[in-house]
Amino acid sequence: QVQLVESGGGLVQAGGSLRLSCAASERTFSSYAMGWFRQAPGKEREFVAAINWSGGSTYYADSVKGRFTISRDNAKNTVYLQMNSLKPEDTAVYYCGGSVGYYSATYYSTEGSMGSWGKGTLVTVSS
């Protein structure tokens, strides 16, 4: 399975921005669809955004649409999550997930669609 390592989390004020990165160990990274999920304290993990193997298809949760952007650089084996206009309710541990496959990004909006997970990075948005 691919090893995934997230980075870029931290403390930011409401309205601010952060960019998360997820580095993959797998040389066949371009065969993987990737996703970002998050888990807030006391809540279940939820879908945030997904991107297909080529980057040509993306999908977002309604709660982040228009504020977050998922992208990937297959040459660097890395997927990114640019988060703008952050809100206190975006506070959570953000997890990167990956799965070999060639479906559109909408297919990868569930936890069960992901075969590998990183350990997460904490994002805290203060009001």
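Strand β10 (residues 116-117) runs antiparallel to β9, and 2 bridges join them; strands here are DSSP runs of type E with at least two residues, numbered from the N terminus, and two of them count as paired if DSSP finds at least two bridges between them. Within this pairing, G98 stands opposite S116 in β10. The model is a predicted one, in which local features need pLDDT of at least 70 and side-chain atom pairs count only at pLDDT 80 or more, while totals for chains, interfaces and linings use all residues. Residues are numbered from 1 along each chain as its sequence is written, and side-chain values use heavy atoms, with hydrogens and water left out.

Strand β9 is mostly covered, with 7 of its 9 residues buried; buried means under 20% relative accessible area, exposed means over 50%, and partly exposed lies in between, all with a 1.4 Å probe and protein chains only.

The structure holds 1 disulfide, defined as a pair of cysteine sulfur atoms within 2.5 Å. A disulfide is a covalent bond between the sulfur atoms of two cysteines. Here C22 is joined to C96, with an S to S distance of 2.1 Å. Because C22 lies in strand β3 and C96 in strand β9, the pair ties together parts that are 74 residues apart in sequence. The torsion about the S-S bond of C22 and C96 is about -80 degrees, so the disulfide is left-handed. With a relative accessibility of 0%, C22 counts as buried, and C96 is likewise buried at 0%.

In soluble globular proteins, nonpolar side chains tend to be buried together. Leaving aside residues up to four places away in sequence, Y94 touches E6, L20, W36, F37, R38, V48, F68, L81, M83, G120, T121 and V123, where a contact means heavy atoms within 4.5 Å.

D90 is placed in the loop between β8 and β9, and its relative accessibility of 0% is why D90 counts as buried. The side chains of D90 and R38 are joined by a polar contact of 2.9 Å; a polar contact is a pair of N or O atoms within 3.5 Å, and within protein one must be able to donate a hydrogen and the other to accept it, with residues adjacent in sequence counting only if both atoms are side-chain atoms. Beyond residues up to four places away in sequence, D90 touches R38, R67, F68, S85, V123 and V125.

Q39, by contrast, is found in strand β4 and counts as partly exposed because its relative accessibility is 31%. A polar atom of the Q39 side chain lies 3.0 Å from the backbone oxygen of K43. With residues up to four places away in sequence not counted, Q39 touches E44, R45, A92, V93 and Y95. The C-alpha atoms of Q39 and T106, which are 67 residues apart along the chain, are separated by 20 Å.

Finally, an open sheet is formed by 4 strands in the order β1-β3-β8-β7, with antiparallel pairing. Strands β1 (4-7) and β7 stand at the edges, each with a single partner strand, so one side of each is left without a neighbour in the sheet. On average, neighbouring strands of this sheet are turned by 15 degrees against each other, direction ignored; the axes are lines fitted to C-alpha atoms, for helices over the stretch in contact, and angles run from 0 to 180 degrees between N-to-C directions. Strand β1 has a covered face, L4 and E6, and an uncovered one, V5 and S7. In a regular strand the side chains alternate between the two faces of the sheet.
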